[in-house]
There are 2 protein chains.
Amino acid sequence: MTKSPLQIARAQYAPKLPKSLRNNSVVIVDGEKTQSVADQADIEKLFPHTYGMPLLSFEGSDASVELPVANVGVILSGGQAPGGHNVISGIFDGLKKLNPNNKLYGFLGGPGGLVDHKYMELTADVIDEYRNTGGFDIIGSGRTKLEETWQFDKGVEICKELDINAVVIIGGDDSNTNACVLAEYYLEQNTGVQVIGCPKTIDGDLKNDMIETSFGFDTACKVYSELIGNIMRDANSAKKYWHFIKLMGRSASHIGLECALQTQPNICLISEEVAEKKQTLGAVVTEMANVIAKRAANGENFGVALIPEGLIEFIPEMKTLISELNDLLAEGHDSANEFKATPKADRLEWVANHLSDASSVVFRSLPAGIATQLTLDRDPHGNVQVSKIETEKLLIEMVEVKLAEMKEAGSYAGSFSSQNHFFGYEGRCAAPSNFDADYCYSIGFTASVLIAQGKTGYMSSVRNTTAPAEEWIAGGVPVTMMMNMERRHGHMKPVIQKALVELDGKPFLAFAAKRDEWAEMTSFVYPGPIQYWGPSEVCDLTTKTLIEERK
Amino acid sequence: MTKSPLQIARAQYAPKLPKSLRNNSVVIVDGEKTQSVADQADIEKLFPHTYGMPLLSFEGSDASVELPVANVGVILSGGQAPGGHNVISGIFDGLKKLNPNNKLYGFLGGPGGLVDHKYMELTADVIDEYRNTGGFDIIGSGRTKLEETWQFDKGVEICKELDINAVVIIGGDDSNTNACVLAEYYLEQNTGVQVIGCPKTIDGDLKNDMIETSFGFDTACKVYSELIGNIMRDANSAKKYWHFIKLMGRSASHIGLECALQTQPNICLISEEVAEKKQTLGAVVTEMANVIAKRAANGENFGVALIPEGLIEFIPEMKTLISELNDLLAEGHDSANEFKATPKADRLEWVANHLSDASSVVFRSLPAGIATQLTLDRDPHGNVQVSKIETEKLLIEMVEVKLAEMKEAGSYAGSFSSQNHFFGYEGRCAAPSNFDADYCYSIGFTASVLIAQGKTGYMSSVRNTTAPAEEWIAGGVPVTMMMNMERRHGHMKPVIQKALVELDGKPFLAFAAKRDEWAEMTSFVYPGPIQYWGPSEVCDLTTKTLIEERK
């Protein structure tokens, strides 16, 4: 395998651990008993064995403790996030420290590997190839949901065969919810298999009082901010383009907010705010056009706008429109057949005539290309594929129309040329920053301690993360503590509460206090690429979001 | 101005100079008299004063030399490239070393600033804000071409007013050609204003025996390779997407080739090879589809393909098609009016019927969206806007059609899902790598020495660049030496020969020797982000292209 000089040098990096994990052994201190964030009675009923467990924190001890051999299986679930390999090497090193005969197995291709009995042993040779690297390629990931009893039972089979005492599931909110369902079932069935979760997602929406951040968010935001900063410098040099940049992250706007705090763009839309204000698409467009016009009046016909990927679904009228389209064009409905029988040239008009009055107005306001796309590209269930909507191009087209109107009315006299970008895949598998390398390794190491102490239904937790790593606080949080009941596919389900951007939270307020200045003045900041060596303030700092939240 | 931690720390970096520039003063050693690369008689006739000058190399001297005050004007010309600010700080420091009373002026917004007398003095305070940063925002850039005598005369006016002895033009091949025309004219007119060029372009196509590389190429390719590597890691983790990545660079494929050498993709198209082999668009598509099918047969339904931005113009049949379309739809032609009078739904058919037989076949083979774009988006001269063609999407659509045919025929049994990307603006204004920071600073410093020695019509040259910086060889190259005569807009003109990828050159051969292996096996390399600190083999190495060329 050919490796780049950075890959080779970076393999030698020894991630920093919290003090409590650097001693000979760990003593677990039970904290208070916990309750779920909401719907306590419902959650307790669904999780009789794993509800109400105490918070756990670790203290280092000099005692040498002999522990029996424990084998562990690890699973990567869902989308990639920088640092997954370090979670696994943290688990591995933790297990080997507990007992050199402990073994670590990786289930291949995501949760499906547990069900289908696809696995490999992760030996030191394998682990050493992946330390401090990005990607999930060590064992692959997958999106199979562990939700059914037969899947759980198949899982036990392979655990018994390999003498596995515990399974670690590295995933986002849904995967950790399922990890807890699995933990509960394995306890109830007395299988002797523990389940521990680890909080992963670049989206930043898996966090709460006990989980300060999910891993990967730091690195991904740094990569996006590097690119945004480079584009800003180009915009400010060429002085002729508006760059509309869409950022990955389906529901929450944490990535956009963090990148805005790092780079100070002229515009950054926050989906949660658009929803809270019940803004229409037209209102969003007008707001953008006004910023563009104001800058043009200052002679600056350039700028940078950040757009969260999930925006469309947060605009109430678009949500309604999409839901109506899903009904109107659902496979098998009479209306869908009628639509198909309509000549192509007349279809947009046909659709507009079959929507509610309000939705019809919205639909007619869309550029033809986007309107067509909404009626054509559907997922296997016949639903509009919201993730395929090129929001950045939609906004450019509508802003162009708006600016033309404003020019006509005499309220805009600039020129508008645009470039569009979408950043997502560029950041999900970047090699982890020092912060993520340390954090992930600590999360993994913590998981091994929770396992050794017989814990199940816990999420690995490392807190106080804006302090230097040795002051981080490692421990465990009962997954049930983060749950509430939500409607999913028509049924009430226990799920981990998703953390959206809080409009009264410190990161948003810090942004809101500055955005008008950033809109008008060119206040760009150029973060540059992630540095692994160099001054600590350059290479060890974590996100502005975390720093603001913990101020 | 808010600055990122990296901006603050990086401002302290002291670029490394060649040994000859570190002494008290410089002695210039005349080398051999030079000739232009071709068309010697024509070039000599056009450049009677600046033709045939000797190569110059520098030697350091301990002598302290008192030189009269010299004021210099500097111009940034054309597209941004990382390191422009370091060229300027190199000129500044060089001038101040020669005589602390020397002044540096920046002409604003490109060559137009010289003509329109827009300028600012670049004092130490200004320069210090921009050391080791990306972008051209210190004085801005522009695309005005200095070609007319009245422009030259306006330039002399402002030079006289500000007591400017020399103008440094930082630009690509065209800008340096014009710099030489200006030098010749100023000599002939006995204005006393010298002109020095500096070789800039991320495209990598301004190079020859004496100019080993143009600045910015190293940094831009490293940024693109970082992103390509991250996407490769994602592709190899998710194992479900083919990523088609278009890379900026209008004519030559140096960027694609360099990125391929750094990252080992499954496919990298080289425009010069496509032209040499006279490949059709269909042949290119088939070649890509065959690689995809071969990987699918190995169970790998994912991969990465690199596509040079200029590809379309190197495919002979596409070049012909575009030229026919330019004639057919030229503003004012009867045929263009007939086209406009044709109902939209019938226009593609109308166009196909009005092309030559060969071009008609090509046109009909294009996806409807692209065909429509070719007939609609035109520049102010009525020409097809080749740079707006989304080549990456065109190839994806055509590959999909080809794979469907192959599936039908039983020669392909995989699944093909794609993502498309275009990387350009992400790299042009990145903060320069250590190599570019050093190289640019040395280029600028060298320019100041050439000026002090009364030289004109020279390009600043720093060679032996794969050795450590102190062994670099600084000097000057007569611009006329790099010229030949080429047809431009119907007239023969003296221009600097553009360096395309040489198919018998070492970088291409190194790629060609490995590409079949890279196509089939997953051999991705992950270069990671540019590092400014850390092991020298990580942060000081330059491009694979340069290393191969100088092997």
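Predicted model: local features only at pLDDT ≥ 70, side-chain atom pairs only at ≥ 80, totals over all residues.
Figure 1. In β10 of chain B, B:A305 is the bridge partner of B:I267. Two bridges link strand β9(B) to strand β10(B), which spans residues 303-308. The pairing here is parallel.

**Figure 2. An open sheet of four strands in chain B.** The strands are ordered β9-β10-β8-β11. They pair in the parallel sense. At the edges lie β9 (267-268) and β11 (418-423) of chain B. Each edge strand pairs on one side only.

**Figure 3. Helix α18 of chain B against the sheet strands.** Helix α18(B) covers residues 391-409. It lies across β8 (242-247), β10 and β11 of chain B. Relative to β11(B), helix α18(B) runs at about 160°.

**Figure 4. Strands β3 and β4 of chain B, with the helix that connects them.** Strand β3(B), residues 71-76, runs parallel to β4(B), and four bridges join the two. One position to look for is B:N71, which stands opposite B:K103 in β4(B). From β3(B) the chain passes through helix α3(B), residues 84-98, to reach β4(B). This β-α-β crossover is right-handed.

**Figure 5. Strand β4 of chain B and its antiparallel partner β5.** Strand β4(B) spans residues 103-107 and is mostly covered. Of its five residues, four are buried. Three bridges pair β4(B) with strand β5(B), residues 119-121, in the antiparallel sense. B:F107 has B:Y119 in β5(B) as its bridge partner.

Notes
Residues numbered from 1 in each chain as written. Chains lettered and ligands numbered in written order. Heavy atoms only, no water. Pairing = 2+ DSSP bridges. Contact = heavy atoms within 4.5 Å. Axes fitted to C-alpha atoms, helices over the stretch in contact; angles between N-to-C directions. Buried < 20%, exposed > 50% of the residue type's maximum accessible area, 1.4 Å probe, protein only. Right-handed = clockwise from strand over helix to strand, strands pointing away.
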